[in-house]
Amino acid sequence: MKRCVLITGGAGFIGSHVVRQFVNKYPHYQVVNVDALTYAGNLENLKDVESAANYVFEKVDITDRARLHQLFEFYQPDGIIHLAAESHVDRSISNPLAFLYTNVIGTVNLLEEARLAWREDLLGKRFHHISTDEVFGALGDEGLFTEETKYDPHSPYSASKASSDHFVRAYHDTYGLPVVITNCSNNYGPNHFPEKLIPLCISNILENKPLPIYGDGKYTRDWLYVIDHAKAIDLVFHEGKNASSYNIGGFNEWKNIDLVKELCKQMDVKLGREQGTSERLITYVKDRPGHDLRYAIDASKINAELGWKPSVSFQEGLSLTIDWYLENKDWLQKVTSGDYQNYYDEHYSK
Ligand code: NAD
Ligand code: TYD
């Protein structure tokens, strides 16, 4: 039987790269992209694959259990890669309930549908939950998050992701659902919504607007190029051990202020501006409440068990990312103006 993989959140930043990876690499799979098209979902991210024979888009909100049930009955997926989420920490501080509904209730809805659909036969089935390193809380100057690190989420976003991770494990332990979880560090790359640090700064540099640095800028994150994350997801989905979790990271820590300065340098070169022009836009602003000092991932398990490691260096990935934004100014313009939200109506509703 043909394999059917249901990918939730496929119109978002990481999801679109995962959808592309699966549509192109596995022409014999049916790939179903299930996305509610919130402000973060943009079908233009998938223009190059939307007419592929093995791809279909379904506009469905994962908090809508009845619609999810119809989808499961119709497609009978044997694999689920679950990325749909509210993903921005700052939004979780101003509207935590949206994070509870999508990230927790939406995940449990999917788990319930998978449990029902697969109750007769678990063979060949897999529920792959995409999570974040933020569930582990904050590190001091030393140490790394491993798969054994105790959960200690601080923001409403990370609390909702931690909760969904626990539900996924509970469905394995209670019902025997075949699951796997990946916890990844900060992604960057093409199609990143410009509310997040790197695309926000690229967009603001282009428009000569201030680059807001929270607090003293010494907060530290590990950054991974999004296509390396998509490849890791592909590998874990196919070869990861049942009921395991894998940390995914770039071995690439940056203090926010150093990262933004590096970005400014590369932008000045690419835009033919005098060095220092973009850096002058840096503006220290009020800190994020509950701001986690440092995230850093030990990704040695996925390397030892499955042979994955990042393939793109940070200098290269940052350069590729800036080039993508410079070549896709219309994408950025549509996103900042909100015009991208018409794409679904123009292309999918007849
Ligand atoms: P994103 O915000 O860019 O995209 C989220 C997608 O989910 C959007 O297409 C949106 O329309 C969809 N969505 C939101 N609510 C929905 C709902 N109720 N029903 C159906 N679809 C819905 O997010 P992203 O950065 O691509 O992150 C994807 C996943 O990866 C998330 O689960 C996130 O927690 C996780 N993650 C992200 C990062 C990162 O650096 N961005 C790092 C680690 C893990
Ligand atoms: P972000 O891209 O929002 O990702 P996350 O909060 O999931 O790590 O933020 C990355 C880091 O950059 C984080 O320490 C917060 C900081 N930041 C700023 O200093 N200024 C900004 O305008 C934004 C959006 C983030």
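Analyst: In this predicted model, an oxygen atom of ligand 2 lies 2.6 Å from an N or O atom in the side chain of R288. A polar contact is a pair of N or O atoms within 3.5 Å; within protein, one must be able to donate a hydrogen and the other to accept it, and residues adjacent in sequence count only if both atoms are side-chain atoms.

User: How much of the accessible area of ligand 2 does the protein cover?

Analyst: The protein covers 96% of the 510 Å² of accessible area that ligand 2 has on its own. Accessible areas come from the Shrake-Rupley method with a 1.4 Å probe, and for residues only the protein chains shown count as cover.

User: Which elements give two or more residues to the shell around ligand 2?

Analyst: They are α6 (197-206) and β8 (211-214). The largest share, 3 residues, comes from β8. Helices (H or I, at least four residues) and strands (E, at least two) are DSSP runs, numbered from the N terminus.

User: Which residues come nearest to ligand 2?

Analyst: Of the 16 residues around ligand 2, the nearest are E134, P212, Y214, R288 and H291. A residue counts as near if one of its heavy atoms lies within 4 Å of the molecule or strand in question. A polar backbone atom of P212 is 2.8 Å from a nitrogen atom of ligand 2.

User: Changing topic, where is H88, and which residues does H88 contact?

Analyst: H88 is in the loop between β4 and α3 (89-94). Its relative accessibility is 7%, so H88 counts as buried. Buried means under 20% relative accessible area, exposed over 50%, and partly exposed in between (1.4 Å probe, protein chains only). Leaving aside neighbours within four places in sequence, H88 is in contact, meaning heavy atoms within 4.5 Å, with Y39, F99, E195, K196 and R288.

User: Why is helix α1 largely enclosed?

Analyst: Helix α1 is largely enclosed by the rest of the structure because 11 of its 13 residues are buried. Among the buried residues are F13, H17 and R20. The buried residues of α1 pack against β1 (3-8), β2 (29-35), β3 (55-59), β4 (79-82), β7 (186-188) and α7 (226-239).

User: How far does α1 reach?

Analyst: From its first C-alpha to its last, α1 (residues 13-25) reaches 19 Å, close to the 18 Å expected at 1.5 Å a residue. The expected span is 1.5 Å times one less than the number of residues in the helix.

User: What about the phi of L37 and of N208?

Analyst: L37 has a positive phi of about 55 degrees although it is not a glycine. N208 also has a positive phi of about 55 degrees, and N208 is not a glycine either. Most residues other than glycine have a negative phi.

User: Are these two residues buried or partly exposed?

Analyst: L37, in the loop between β2 and β3, is buried at a relative accessible area of 18%. N208, in the loop between α6 and β8, is partly exposed at 49%.

Technical notes:
Residues are numbered from 1 along each chain as its sequence is written. Chains are lettered from A and ligands numbered from 1 in the order in which they are written. This is a predicted model: local features need pLDDT of at least 70, side-chain atom pairs count only at pLDDT 80 or more; totals for chains, interfaces and linings use all residues. Side-chain values use heavy atoms; hydrogens and water are left out.
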